[in-house]
Amino acid sequence: MSILQIHRELAARYDGGASLLSYTNAFELLIAVVLSAQTTDAQVNKITPALFSRYPDSHALAGARQEEVEGLIHSTGFYRSKARNIIGASKVLVEDFGGRVPQTMEELVRIPGVGRKSAGVVLHHIFDKPAIIVDTHFGRVVRRLGLTAHEDPKRVEQDIAAQLDRAYWSEFSMTANLHGRALCHARKPRCSECFLLPWCAYGASVQGVS
Ligand code: SF4
């Protein structure tokens, strides 16, 4: 089965349109994505209303006290480094980009705490630009489906980009991610319920299908 057919199967079953993070503008999404490292989107959504009420834009957060930000984001884990990153990110936004979130991958990854995955989320959801967003769920799903053999996110991104028209990149990123959360779990993938099982060598192997 080609990657385009897999994309169509996934698109038919999942609504890949919306981010699971809550935000009202580019600044809020960028900060929420940085905070979402090593925790759930639901956990981030619990603390961002108070954080953005206190610091509504990059100028406000750039001038924040580290200890106060740590207190507001404590429950997301790794709160010291995350506080440092979101204050640092805001300073870069103010000093290098006039307080606004930039619109290219090259500029976004210069911001503290922002890797290619986070940049891709912003490019897709805010600026409607094609992006392959490689997180732990996406990487696991595409490896099991045999679409890449790589662990390194940038190599995964390159492998998918080489096979799939860029018009489908963002939707495929979101639907494969949702598939990883819904069925293709890290420890116990629910292969017997999976509509991709007939084309999945990994699924066939754990199901004992020859
Ligand atoms: S068959 Fe199993 S391993 Fe393959 S995509 Fe489906 S859930 Fe994941």
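A nonpolar core, as I use the term, is a set of buried Ala, Val, Leu, Ile, Met, Phe, Trp, Tyr and Cys residues joined through side-chain atoms within 4.5 Å. Buried means under 20% relative accessible area, exposed means over 50%, and partly exposed is in between, with a 1.4 Å probe and protein chains only.

This is a predicted model, in which local features need pLDDT of at least 70 and side-chain atom pairs count only at pLDDT 80 or more, while totals for chains, interfaces and linings use all residues. Residues are numbered from 1 along each chain as its sequence is written, and side-chain values use heavy atoms, with hydrogens and water left out.

In soluble globular proteins, nonpolar side chains tend to be buried together. Here the largest nonpolar core has 39 residues, and V69, I86, L108 and I111 have the most contacts inside it. Two or more residues of this core come from each of α2 (26-35), α3 (41-54), α5 (66-73), α6 (79-97), α7 (105-108) and α8 (116-125). Of these, α2 gives the largest share, 9 residues. The helices are DSSP runs of H or I with at least four residues, numbered from the N terminus; strands would be runs of E with at least two.

Next, the ligand. Which residues are around the ligand? They are R144, L145, H179, C184, C191, C194, L197, C200, Y202 and G203. To count as near, a residue needs a heavy atom within 4 Å of the molecule. By class, this shell has 7 nonpolar, 2 polar and 1 charged residues. In that scheme Ala, Val, Leu, Ile, Met, Phe, Trp, Tyr, Cys and Pro are nonpolar, Asp, Glu, Lys and Arg are charged, and the others, Gly among them, are polar.

C191 counts as buried because its relative accessibility is 9%. C200 is buried too, at 12%. How many disulfides does a search of the whole structure find? The search finds 0, where a disulfide is a pair of cysteine sulfur atoms within 2.5 Å.

The space taken by the ligand is the largest cavity. A cavity here is a set of points, on a 1 Å grid over the protein atoms alone, where a 1.4 Å probe fits but cannot get out. A molecule sits in one if more than half of its atoms lie within 2 Å of its grid points.

Now some loop residues. F78 lies in the loop between α5 and α6. F78 is not a glycine, yet its phi is positive, about 45 degrees. Is F78 buried or exposed? F78 counts as exposed because its relative accessibility is 55%.

D128, in the loop between α8 and α9, also has a positive phi without being glycine, near 55 degrees. Its relative accessible area is 66%, so D128 is exposed. I126 is found in the loop between α8 and α9 (136-144). At 26% relative accessibility, I126 counts as partly exposed. I126 and T24 are 102 residues apart in sequence, with 9.9 Å between their C-alpha atoms.

D57 sits in the loop between α3 and α4 (58-62) and is partly exposed, at 35%.

Last, a lysine in a helix. K82 is found in α6, and its relative accessible area is 4%, so K82 is buried. The C-alpha atoms of K82 and R8 are separated by 37 Å, for 74 residues along the chain.

Methods:
1 Å grid on protein atoms, 1.4 Å probe; cavity = no way out; pocket = protein on both sides within 12 Å on 5 of 7 lines; lining within 4 Å.
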